[in-house]
Amino acid sequence: MRRGWIYVLGYLVSPLALLFLIFIISKGSLLDYAIVGGLLSVVAENGLISLSDFAFLRMELHLQDLLVTTGIGPQEYILGLVLSNLIFSLPGLFLYSALAILYHVVNLLGLLILLGISALLLVTTSGLGFLIASYLPHVRYSWGISSILPVLFITIPPVFYPYFVLKSWEVMILSIIPTTSASILSQGIAGLAETKDIFILPLLVETAIFYVLSIKKSRWSQI
């Protein structure tokens with residue numbers, strides 16, 4: 001962690017910049033949304049941009065070549081990568097958890113539920129990142145894709161703004177993106193919008209799909 005502090009700072013820059021921007025523009029009225037969105041985005045962005053790490057480890061360090069010969073399978077490898085992403089996400093999670101309690105966005109029970117949702121999001125985004133990275137022909141492609149994915153998963157869905165400003169059909173379309181369901185659930189838990197527990201179903205289904213796809217459909221031994 002001490003040698004990777006710049007990496008931690010890198011994934012924290014975007015949510016903190018958005019928090020500052022939202023605070024200034026809304027004069028503090030949307031600060032709660034920025035804090036809830038920041039909690040989700042630190043894990044989502046960490047999982048998505050780690051796509052570059054997965055590609056680097058596979059193509060430059062040939063780590064997967066080594067692991068294949070030891071009998072380790074993609075499931076163990078992906079779980080290790082998710083755990084690694086969780087460790088690097090901890091500073092951001094601690095920061096936003098402290099802000100959520102300090103500004104009375106959620107109580108302790110609500111915070112624990114938000115962290116549970118964040119954990120599902122970390123599995124989903126890490127699985128997607130690994131799946132994409134396993135098919136890239138060159139590591140340089142990972143740089144561009146890891147820049148695009150956070151826009152699709154964090155900026156467009158209602159992560160940093162109220163989901164109810166969207167029309168129903170827009171919410172349904174965006175529900176194919178896991179961060180949409182996670183945001184709707186989180187905003188409801190924080191009392192910022194109507195609670196819609198039904199969105200736990202698409203979040204669980206999407207988490208299972210991305211995790212299984214990353215194990216079954218990723219290029220593990222064809223390297």
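This is a predicted model: local features need pLDDT of at least 70, side-chain atom pairs count only at pLDDT 80 or more; totals for chains, interfaces and linings use all residues.
**Entry: the core**

I went to Ile35 on account of the largest nonpolar core, which has 64 residues. Ile35 and Tyr96 are the residues with the most contacts inside that core.

**Entry: Pro15**

Next I picked Pro15, whose place is in helix H1, residues 5–26. Buried or exposed? I got a relative accessibility of 1% for Pro15, and the cut-off for buried is under 20%, so Pro15 counts as buried.

**Entry: H2 against H6**

From H2, the contact is made by Leu39, Leu40, Val43, Ala44, Gly47 and Leu48. From H6, I noted Leu111, Leu114, Leu115, Ile117, Ser118, Leu121, Leu122, Thr125, Ser126 and Leu128. Sorted by class, this contact has 12 nonpolar, four polar and no charged residues.

I zoomed in on Thr125, which sits in helix H6. Thr125 has a relative accessible area of 0% and is buried. What does Thr125 touch, not counting residues up to four places away in sequence? I read off Val43, Ala44, Gly47 and Leu48. Those four are also among the H2 residues that make the contact with H6.

**Entry: H3 against H7**

For H3 and H7 I got an angle of about 165 degrees, with the axes 8 Å apart. Over 145 degrees counts as roughly antiparallel, so H3 and H7 are roughly antiparallel to each other. This crossing is right-handed. Leu51, Ser52, Ala55, Phe56 and Met59 make the contact from H3, and Val139, Ser142, Trp143, Ile145, Ser146 and Leu149 make it from H7. I counted up the classes as eight nonpolar, three polar and no charged.

Ser146 got its own look. Its place is in helix H7, residues 139–155, and Ser146 is buried, with a relative accessible area of 9%. With residues up to four places away in sequence left out, Ser146 touches Leu48, Ile49, Leu51 and Ser52. I checked the C-alpha distance to Ile72 too: Ser146 and Ile72 are 26 Å apart in space and 74 residues apart in sequence.

**Entry: H5 against H6**

H5 and H6 pack at an angle of about 145 degrees, with their axes 9 Å apart. H5 passes H6 in a right-handed crossing. On the H5 side I listed Tyr77, Ile78, Leu81, Val82, Asn85, Leu86, Ser89, Leu93, Ser97 and Ile101. On the H6 side I listed Leu108, Leu111, Leu115, Leu122, Val123, Ser126 and Phe130. The split by class is 13 nonpolar, four polar and no charged.

Last, backbone angles. Most residues other than glycine have a negative phi. His62 lies in the loop between helix H3 (51–59) and helix H4 (63–70). I have His62 down as partly exposed, with a relative accessible area of 43%.

His104 also has a positive phi, near 55 degrees. The place of His104 is in the loop between helix H5 (74–102) and helix H6 (108–133). At a relative accessible area of 69%, His104 is exposed, because the cut-off for that is over 50%.

Note on methods. Residues are numbered from 1 along each chain as its sequence is written. Side-chain values use heavy atoms; hydrogens and water are left out. Helices (H or I, at least four residues) and strands (E, at least two) are DSSP runs, numbered from the N terminus. Buried means under 20% relative accessible area, exposed over 50%, partly exposed in between (1.4 Å probe, protein chains only). Contact means heavy atoms within 4.5 Å. Ala, Val, Leu, Ile, Met, Phe, Trp, Tyr, Cys and Pro count as nonpolar, Asp, Glu, Lys and Arg as charged, and the others, Gly among them, as polar. A nonpolar core is a set of buried Ala, Val, Leu, Ile, Met, Phe, Trp, Tyr and Cys residues joined through side-chain atoms within 4.5 Å. Axes are lines fitted to C-alpha atoms, for helices over the stretch in contact, and angles run from 0 to 180 degrees between N-to-C directions. Angles under 35 degrees count as roughly parallel, over 145 as roughly antiparallel, 65 to 115 as roughly perpendicular and the rest as oblique. A crossing is left-handed if the near helix is turned anticlockwise from the far one by less than a right angle, and right-handed if clockwise.
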